[in-house]
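Keep the structure open beside you as you read.

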Amino acid sequence: MYDYDVIIIGGGLAGLTAALHLRKYHYNIAVFESLEYPHHKVCGEYVSMEIIPYLESLNVSLPKNIYINEMLMSTEKGTSISAQLPLGGLGISRYTLDYTLYKKAILQGVTILQKHISSIKFGDPTFTVADTRGGHYTSKFVIGAYGKREALDKNLNRDFIQGKSPWLGVKAHYKLDSFPENLVALHNFRGGYGGLSKTESGAVNFCYLVSYDSFKSEKNMESFQQNILAKNPYLNKFIMESEMLFSKPLTIAQISFGKKSTIENHILMCGDTAGLIHPFCGNGMAMAVHSAKMAAELIHLYFTKSDYDRHQLEKEYNRQWHKIFGKRIWVGRQLQRVLLNETISPRAMQLINYSPYLVSKLIKATHGKTIDTV
Ligand SMILES: Cc1cc2nc3c(=O)[nH]c(=O)nc-3n(C[C@H](O)[C@H](O)[C@H](O)COP(=O)(O)OP(=O)(O)OC[C@H]3O[C@@H](n4cnc5c(N)ncnc54)[C@H](O)[C@@H]3O)c2cc1C
């Protein structure tokens, strides 16, 4: 026997969505999350509409006052293009989004434990999960939804951990009432790019991704802002006119976009733990939620179909994951190369500017269709 049907490690978007979906079928679920709720997270906070009906079918009600359907992109020198976003998205802070899912999960009977998981062992047919204080918990399945990079990845000997993680993420909320509600703006600067969009509170979220090399070239955040960010005229205007609402920006380090495995030692990996799309695609959150749905549905199939075994489940999860997300991640990787190349980027923008068809193709290639409800 085991303590839970499913243990989920990480109570972010992927983990909480999987928990809510599995509770629909009345399974006994535990989510382990290191941090206390609610909390801010480094994220662009543009949520693609493709997952909104599905989240609502899990009885999650989200603020919809910021609907974003226009995108503006600029190069470091200020060459810009704008485009309509066919499906669009909502501007919702992670503080509100994750907390809303958390409260719903508690209401639905999910056990949420504030503990940091340090090891996961599979002794067929049961998993044993250990926390940093010596607690042990058993389950039939484990979903790994612990985000981009974790000590657990090292313990599990995952290949991607050997690769470079040369990216840093920075985010803060700002007051700038004149910023358009329906816009997501992506601005390039040397070694990175930043996104600006409004959230449900009316604050503008400024979140950027930057290479270590670029960041280290300046002595502190202020000089980085002045000497690198402000070189882009759009960012310069934003910095001059806005007022930061956080006491200091939030940062995360060691972001890697290397290929990951979807299954590791029989653990089903969801969200960023399975693979991270480049942030400017604005699709990471949708992928986290969608992959959680896929994992939950296959686990349900396992529990309800007597001739469906763990091997079939894992094979099918891997197949679906690559079919649905493989191309998006690949296109995102290629676009990132172009965008961050100082020589190619302005020419690519010119080309895109003359071809609205190409823009809509690229947006479609990095996004999915509206996913089915429960
Ligand atoms: C700079 C930047 C901007 C982005 N902008 C956007 C955007 O605008 N739109 C978009 O759709 N996507 C965006 N993304 C991507 C998006 O943030 C992620 O894809 C999304 O957060 C993935 O959700 P997740 O549940 O997989 O991981 P997370 O939300 O990171 O959740 C993982 C959780 O696991 C917990 N955890 C970690 N280790 C342990 C452990 N050992 N034990 C217990 N708990 C643990 C963490 O505390 C965390 O709460 C952006 C990413 C970056 C880096």
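Predicted model: local features only at pLDDT ≥ 70, side-chain atom pairs only at ≥ 80, totals over all residues.

## Getting our bearings

## Two cis peptide bonds

Pro125 is worth a stop: the peptide bond joining Asp124 and Pro125 is cis, with omega about 10°. Another cis bond runs from Tyr37 to Pro38, and here omega is near -10°. To find Pro38, look in the loop between β2 and β3.

## Two residues with positive phi

Stay in that loop for a moment, as Glu45 also lies between β2 and β3. Glu45 isn't a glycine, yet its phi is positive, at about 65°. Is Glu45 buried or exposed? With a relative accessible area of 1%, Glu45 is buried.

His266 does something along those lines: it has a positive phi of about 75° although it is not a glycine. You'll find His266 in the loop between β16 (263-264) and β17 (267-269). Its relative accessible area is 29%, so His266 counts as partly exposed.

## Charged partners

Now for some pairing up. Side chains of opposite charge can pair when their charged atoms come close. How many salt bridges does the count come to? The count comes to 13 salt bridges.

One of them joins the side chains of Lys41 and Asp98, with N and O 3.0 Å apart. This pair links distant parts of the chain, 57 residues apart: Lys41 sits in the loop between β2 (29-32) and β3 (46-48), while Asp98 belongs to helix α3 (residues 94-107). Lys41 has 21% relative accessibility, so it counts as partly exposed, whereas Asp98, at 1%, counts as buried. Arg94 joins in too: Lys41, Arg94 and Asp98 are linked in a network of salt bridges.

Glu241 forms a salt bridge with Lys237, and their closest N and O atoms are 3.3 Å apart. Both residues lie in helix α7 (residues 233-241), 4 residues apart, which is about one turn of the helix. Glu241 is partly exposed, at 40% relative accessible area. In the other pair, the side chains of Asp177 and Lys175 meet in a salt bridge of 3.1 Å, N to O. Asp177 counts as exposed, with 56% relative accessibility, and Lys175 counts as partly exposed, with 40%.

## Two helices side by side

Last stop: helix α8 (residues 284-304) and helix α9 (residues 310-339). These two pack at an angle of about 160°, and their axes are 10 Å apart.

Which residues make the contact? On the α8 side they include Met287, His290, Met294, Leu298 and Tyr302. On the α9 side, look for Arg310, Leu313, Glu316, Trp321, Phe325 and Arg328, among others.

Conventions:
Residues numbered from 1 in each chain as written. Heavy atoms only, no water. Axes fitted to C-alpha atoms, helices over the stretch in contact; angles between N-to-C directions. Contact = heavy atoms within 4.5 Å. Salt bridge = Lys/Arg side-chain N within 4 Å of Asp/Glu carboxyl O. Buried < 20%, exposed > 50% of the residue type's maximum accessible area, 1.4 Å probe, protein only.
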